[in-house]
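Below is a report on how the parts of a predicted model meet.

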Amino acid sequence: MLKFVIRRLLSTFPMVLLVVTLTWGLIRLAPGNFYTGERVIAPAIEKNLRAKYGFDKPWYVQYAKLMSNIVRGDFGTSLKYEGQSVNEILRRTLPVSMTIGLLAYILALSIGIAAGTLAAVRQNSRVDYASMTLAMLGISLPNFVLGPLLVLLFSLVMYWFPPARWDGFPSRSVVLPVITLSAIYTAYVARLTRSGMLEVLRADYIRTARAKGLDEKTIVRRHAMRGGLLPVISFSGPALAFLVTGTVVVERIFALPGMGNYFINANLNRDEPLIIGIVAFTSIAILLFNLLVDIAYAFVDPRIRY
Amino acid sequence: MSAIPIEVLAGTSLWRNAWHRLLRNRLAVLGMILVGAMVVACAAGPGIIYRATGYTYDFIPKDSGLVKSFPPSLTHPMGTDIAGRDLLARVLLGGRISLMVGIIATFVSLIIGITYGATAGYLGGKIDEAMMRAVDVLYSIPYMMIVIVLLSLFGSRSPLNQLFLLFLALGAVSWLTMSRIVRGQVISLKNQEFVLAARATGVSRRKIIFRHLMPNVLGPVIVYATLTIPNVMLQEAFLSFLGLGVQAPLASWGSLAAEGIRNIAVFPWQLIFPGVTMAVTLFSLNFLGDGLRDALDPQTRKM
Amino acid sequence: MRPIILVFCVLALTSCAASSADSGFFGTTDPPAGQVLRYISGSEPESIDPAIPSGQPEARVIMSMFEGLTEYDPRTMGPIPAIAESWENNADFTEFTFHLRKNARFSNGDPITASDVVYSLRRGLNPETAARNAYLAYYILYAQGYNEAGVFARDTSTGEFVMDGKFRKVFSEKEARALKGKEPVPIKAEDIGVAAIDDTTVKLSLVQSAPFMVALLPHQFFRVVPRKAIEKYGNDHWTRAENIVTSGAFMVKERVPYDKLVVVRNPMYWDAANVKLDEIRFYPLEEETTMMNLYKAGAVDATYNHTVPNAWLDFMMDKKDYMGAREMVNEYYQINTLKRPMNDPRVRKAFNLAIDKESLAKYQHVKPLTAFVPQGIFPGYPAHSEDLFDVARANDLLEEAGYKDRSKFPVNEVELTYNTSERNRQIAEFVQAQWKQNLGITIPLKNMEFKTFLTTRASLDYKGFARSGWIGDFVDPVSYLNIFYTPRGDNGTGWWDSRFVAVIDEANRTLDHQARLNKLFEAEKMLLESQAVIPLIQQSTNWLKKPYVKGMYPNSGTMHAWKFVYIEHDPSKWDYGVPEM
């Protein structure tokens with residue numbers, strides 16, 4: 001197990017470089033440049049701009065420089081936002097995205113697992129129908145619809161929460177974005193839990209447990225939960241990675257200074273260092289969380305060995 | 001040697017039994033009827049509306065006084081959008097796009113996701129690790145950039161049409177989580193008795209994966225697939241924002257809902273009708289999915 | 001179906017809330033305590049260094065912190081004195097002399113002298129600064145040559161420079177090397193036609209007549225920057241909140257990108273006694289709905305231009321806090337005149353005549369545009385009125401061009417390309433419907449991501465029509481005509497006419513103001529006659545401000561000299577409608 005974890009951690013490094021390389025290639029393939037604007041700029045100014053950011057050098061020199069900087073943990077300076085280093089932007093935006101993302105994740109897992117388990121245990125009962133209908137509502141109300149609806153109701157009619165902007169944590173400004181963000185994940189988790197639990201509740205070892213006369217609560221908590229949560233665990237790795245590295249829609253609706261907002265604009269602006277910085281960060285998060293997921297597999301299901 | 005005829009027998013009865021079980025589930029039947037009705041309405045509706053009233057999804061009235069959003073009325077049962085276009089015609093047309101996108105992309109994600117995930121999970125070891133790391137890499141590369149490049153390489157001059165690119169882009173991402181879920185299930189199943197037994201009797205790997213493991217992972221897969229459909233529909237709305245979605249004046253449910261929410265304070269019907277249509281369809285698809293899940297569940301079969 | 005009922009309830013509730021009894025204003029009208037303005041400034045500023053950014057959102061923010069020789073008049077956008085108290089020009093508008101105030105100071109107390117003005121301009125033009133706006137200063141002698149790293153050519157034996165009229169001729173380094181017996185002499189910053197005569201006098205020498213020069217100077221590119229701070233911290237770091245030194249009415253207190261930029265009163269400012277606001281909070285925001293929510297809830301006091309969603313206009317235009325006025329922005333489609341069938345002027349004309357622009361303008365709640373230069377903004381500029389909606393003539397022209405049988409029209413060779421935006425889409429859909437109904441031709445629409453679109457348009461890779469629009473850099477018609485005043489003809493249409501360029505040159509040499517405008521109008525007519533563009537609409541300023549915000553006017557560029565803005569706590573002095581211009 002330990003060997004497995006170490007091997008995976010070591011492999012993270014070349015993987016991130018691979019992701020960065022592919023992304024770098026994609027940016028080069030995309031039409032337009034960071035300085036492309038409404039007015040075509042004079043060739044001389046274009047030359048000055050390219051020289052200023054080192055774009056006048058051959059591609060392999062630029063690539064080598066990028067890689068050597070990344071290895072040293074330096075992602076360079078944003079092309080669009082004069083004088084802001086990518087590391088600085090990450091440091092500033094990550095806490096915001098992470099707060100919102102983690103809170104939404106915790107909310108989604110706790111409510112989702114509880115509702116899904118309850119629904120599975122009481123299959124075809126009212127509880128089952130009610131929680132699954134609510135889950136469906138969470139899925140069919142896209143967050144770009146849910147967010148504004150919540151704002152209308154709770155900020156413009158009731159005046160309970162501010163309609164947008166970030167006031168730090170904890171504050172009222174956190175509530176609506178977190179609910180908006182968690183809705184769809186809660187629904188996913190609830191549905192995956194229910195189906196996973198249903199599967200497990202009919203397995204032989206649960207029957208054995210029942211036959212032994214264990215009470216239903218213990219069966220669910222001790223035995224069924226473990227196997228039943230496998231689909232949720234598979235889903236939760238990438239979900240957590242995406243949640244904490246920023247979610248564009250929610251950050252835009254609520255005007256939050258998080259990573260997602262930067263990322264979408266970095267793509268549209270062809271802001272190469274910023275795109276690469278955020279992508280590298282996201283890929284580290286994905287690799288780490290998926291590693292956690294694989295470890296969790298082994299804990300939850302003792303049959304799995306690495 | 002005798003394994004072959006038995007399996008063939010099991011194969012035919014599996015689907016027939018599942019179908020009977022599905023028909024016994026009232027909610028699933030309702031879902032099936034509603035989805036069917038929606039498909040028929042989206043396919044035939046715009047044509048009927050045009051013949052009956054002359055309105056199409058892109059008809060902007062010549063009279064400038066009519067170029068604005070009207071509430072529902074007898075002539076426009078769902079009202080009009082701000083260009084004075086009949087919302088009913090647009091919602092039905094949007095349904096064509098959204099249903100097509102949702103179902104095709106989900107189907108693609110099912111095929112790739114299941115094959116990939118099951119192979120990785122069953123083979124295990126180094127191959128599994130390599131395959132899953134490849135998925136991680138695909139997760140990490142900015143989807144937006146892929147879409148922008150895809151468009152610029154094939155979008156402007158090649159005969160590949162926009163819709164095909166759209167499927168390609170959506171298919172490219174939607175199978176990733178699916179493959180992880182399948183892999184997780186397969187890993188937990190592959191050491192169970194019935195698989196071990198099959199292996200011991202010398203059944204080939206391919207057969208074990210497709211005949212023994214696959215039916216057992218169908219439950220979570222179907223549930224996740226029903227979750228993928230709405231997700232793909234929303235992705236389509238996001239792609240429209242980048243210019244890769246359906247081209248105006250065509251619309252999809254996602255783009256109609258996005259426009260509707262913007263105008264909710266002024267023209268609520270612009271959200272209510274597309275939103276409710278979409279919600280009813282997704283609910284129905286979901287009931288259908290649940291029904292299918294129960295019907296195909298090998299455990300319930302035993303009962 | 002319970003959840004659907006729930007959705008309905010929410011919708012019913014919220015739509016009731018939207019239509020509930022109101023005061024004629026949109027949302028609350030409680031003024032904030034004190035003199036603090038909260039302003040939505042649009043997308044996050046690229047930079048707050050005046051030389052760097054080219055967008056309007058940045059220009060507005062920079063206006064609070066940096067001042068130039070002249071400033072925009074809050075009502076007319078014309079030039080008013082700022083660091084320069086007064087100025088004069090020679091007879092043919094090629095030399096301008098500015099007299100600086102003696103009490104002008106930076107926020108650190110250092111005096112602002114003529115040499116600071118000279119430094120700011122030279123820095124902006126320095127190739128290393130790589131300013132995208134540098135082209136605005138090309139009217140100044142040798143500014144272009146310096147910015148483009150050009151050289152003079154000097155005769156090696158006589159030591160005399162190669163001349164072009166009364167000025168030295170500017171070559172690229174390669175060109176100069178190719179000349180026999182001449183050596184290249186790099187153009188230095190000191191060669192630029194800007195000079196400090198004494199501590200308070202600056203002289204600009206131009207390469208051509210530019211009667212509009214003073215009107216151009218409030219542009220952020222020309223604003224005065226602090227030499228000491230820039231030299232100490234470098235181009236990249238001097239704008240940080242802890243390093244920045246400003247020349248305007250406000251100075252930076254706090255900057256959190258994508259969240260807020262807070263500026264406070266600069267006590268060293270020469271007119272500090274008359275600055276009314278203590279603090280301005282600029283909020284960078286891009287989602288229109290979010291802006292409307294914040295404004296309605298009273299979390300902000302005013303917004304920048306084009307912030308009210310189009311669909312809301314029917315309902316918002318009656319509000320007393322809606323600021324709608326003619327804007328110096330034109331919206332048009334440009335045509336790729338090199339590709340068949342649009343290389344035929346008759347076809348281009350037919351497509352122009354087949355658009356009911358009155359109806360389009362009504363739909364968009366703006367004014368129709370029948371000329372290229374926005375109308376009603378430049379006093380004395382003639383109005384063009386020949387470009388009318390005429391379906392019969394449009395169809396005749398198509399027939400003349402050989403497309404009597406519409407099926408012969410190569411629909412696959414024509415597209416209407418636009419960059420992703422709600423408004424662009426609405427206009428494109430409308431125009432497409434017009435062509436379909438009036439000409440019987442359905443032109444496919446093509447929506448593109450912005451940078452892809454810009455690249456396609458600039459390289460003439462589009463087929464048929466491409467959406468375009470231009471915000472004037474300064475209040476003069478020539479700012480629009482300059483788009484087609486390009487030596488290389490790279491204006492994205494393939495149309496270029498040396499006579500057009502000649503007429504503009506002639507206009508700029510014309511001393512009489514009205515005669516000059518008439519000449520410019522002549523050039524504009526040539527452009528319209530070519531029909532390389534299809535004018536569509538003239539934008540409206542379209543923003544909101546609470547009644548208690550005074551000193552902000554819906555001028556044609558939505559540029560507010562912040563020192564005149566204040567919060568009025570006495571409701572009897574509020575603006576109940578668009579303030580008197």
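The contact between the two chains takes 55 residues from chain B and 57 residues from chain A, where contact means heavy atoms within 4.5 Å. This is a predicted model, in which local features need pLDDT of at least 70, side-chain atom pairs count only at pLDDT 80 or more, and totals for chains, interfaces and linings use all residues. Residues are numbered from 1 along each chain as its sequence is written, chains are lettered from A and ligands numbered from 1 in the order in which they are written, and side-chain values use heavy atoms, with hydrogens and water left out.

**Chain B and chain A**

The size of an interface is often given as the accessible area lost when the parts come together. Chain B and chain A bury about 5,200 Å² between them, 69% of it on carbon and sulfur atoms; buried area is the accessible area (1.4 Å probe) that two parts lose on being put together, summed over both. Three salt bridges are found across this interface, a salt bridge being a side-chain nitrogen of Lys or Arg within 4 Å of a carboxyl oxygen of Asp or Glu. A:Asp294 forms a salt bridge with B:Arg180, with the closest N and O atoms 3.6 Å apart.

There are also three residue pairs in polar contact between chain B and chain A, both residues at pLDDT 80 or more. A polar contact is a pair of N or O atoms within 3.5 Å; within protein, one must be able to donate a hydrogen and the other to accept it, and residues adjacent in sequence count only if both atoms are side-chain atoms. On the side of chain B that touches chain A, α8(B) gives the most, with 13 residues. Helices (H or I, at least four residues) and strands (E, at least two) are DSSP runs, numbered from the N terminus. By class, this side of chain B has 30 nonpolar, 16 polar and nine charged residues. Ala, Val, Leu, Ile, Met, Phe, Trp, Tyr, Cys and Pro count as nonpolar, Asp, Glu, Lys and Arg as charged, and the others, Gly among them, as polar.

**Chain A and chain C**

Here the contact takes 48 residues from chain A and 59 residues from chain C. In chain A, the residues that lose the most area to chain C are A:Glu38, A:Arg39 and A:Arg165, together 16% of what that side buries. One of the salt bridges joins C:Glu286 and A:Arg252, whose closest N and O atoms are 3.7 Å apart.

| Parts | Buried area | Share on carbon and sulfur | Salt bridges |
|---|---|---|---|
| chain A and chain C | about 4,800 Å² | 60% | six salt bridges |
| domain 2 and domain 3 of chain C | about 920 Å² | 58% | zero salt bridges |

**Inside chain C**

Domain bounds come from an automatic or database domain assignment, and chain C is divided into domain 1 (2-47 + 235-325 + 542-573), domain 2 (79-220) and domain 3 (329-538). The C-alpha centres of domain 2 and domain 3 of chain C lie 35 Å apart.

C:Arg467 is in strand β21 (residues 464-471) of chain C. C:Arg467 counts as buried because its relative accessibility is 11%, and buried means under 20% relative accessible area (1.4 Å probe, protein chains only). Its side chain makes a polar contact with the side chain of C:Asn424 (3.3 Å). Leaving aside neighbours within four places in sequence, the residues in contact with C:Arg467 include A:Glu38, C:Glu331 and C:Asn424.

How values were computed. Buried < 20%, exposed > 50% of the residue type's maximum accessible area, 1.4 Å probe, protein only.
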